[in-house]
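Good morning, everyone, and thank you for making time for this. Please take a moment with the sequence and the structure as they come up, and then I will walk through them.

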Amino acid sequence: QVQLAESGGGLVQSGGSLRLSCGASGGTFSSLAVGWFRQAPGKEREFVAAIDWRDDRYADSVKGRFTIPRDSAKTTVYQQMNNLKPEDTAVYYCATRRTVLTSTPLLYNMWGQGTQVTVSS
């Protein structure tokens with residue numbers, strides 16, 4: 001069974017960039033949809049971006065700033081985050097499901113432990 005682990009979070013100034021990694025152990029991302037979600041203190045987990053073998057999708061709040069490179073290795077999926085804003089501060093999670101991408105977190109069945117991203121103003 002694939003297990004996920006996120007890394008790459010940290011503290012960055014507004015306008016800066018980070019690249020998050022989602023690593024798979026015990027399997028690969030082949031034929032899986034991968035979603036990125038985030039949760040800020042006191043808020044519900046929200047959709048950020050997702051990719052599958054035919055498509056990708058981004059939340060309006062990150063469109064044009066975040067991307068999931070399509071040439072990611074089969075055991076690692078990245079999320080490139082540019083022009084970060086204080087409102088991007090949250091714990092970021094990656095998740096997978098064995099079908100097409102969706103923005104609904106409840107439809108993903110495997111989750112990583114999360115990585116903290118903090119953007120200072």
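With which residue does Arg54 form a salt bridge? The partner of Arg54 is Asp52, and their closest N and O atoms lie 3.4 Å apart, where a salt bridge is taken to be a side-chain nitrogen of Lys or Arg within 4 Å of a carboxyl oxygen of Asp or Glu. Before I go on, please keep in mind that this is a predicted model, in which local features need pLDDT of at least 70 and side-chain atom pairs count only at pLDDT 80 or more, while totals for chains, interfaces and linings use all residues. Residues are numbered from 1 along each chain as its sequence is written, and side-chain values use heavy atoms, with hydrogens and water left out.

Returning to that pair, Arg54 is exposed, with a relative accessible area of 52%, whereas Asp52 is buried, at 4%; here buried means under 20% relative accessible area, exposed means over 50%, and partly exposed is what falls in between, using a 1.4 Å probe and protein chains only.

By the salt-bridge rule, the count comes to five. Side chains of opposite charge can pair when their charged atoms come close. One of these bridges joins Arg65 to Asp88, with the closest N and O atoms 2.7 Å apart. That pair links distant parts of the chain, since Arg65 is in the loop between β6 (56–58) and β7 (66–67) and Asp88 is in the loop between β8 and β9, 23 residues apart.

Taken together, Arg38, Glu46, Arg65 and Asp88 are linked in a network of salt bridges.

Let me turn to the cysteines. There is one disulfide, meaning a pair of cysteine sulfur atoms within 2.5 Å, and it joins Cys22 to Cys94 with an S to S distance of 2.1 Å. This pair, too, links distant parts of the chain, Cys22 being in strand β3 (residues 18–25) and Cys94 in strand β9, 72 residues apart. With 70 degrees about the S-S bond, the link is right-handed. Cys22 is buried, with a relative accessible area of 0%, and Cys94 also counts as buried, at 0%.

Next comes the sheet. Four strands form an open sheet in the order β1-β3-β8-β7, with antiparallel pairing, and two strands are said to pair if DSSP finds at least two bridges between them. Its edge strands are β1 (3–7) and β7, each of which pairs on one side only. Two bridges join β7 to β8, and the bridge partner of Phe66 in β8 is Met81.

Met81 brings me to my last point. Leaving aside neighbours within four places in sequence, Met81 is in contact (heavy atoms within 4.5 Å) with several residues, including Leu18, Arg65, Phe66 and Tyr92.
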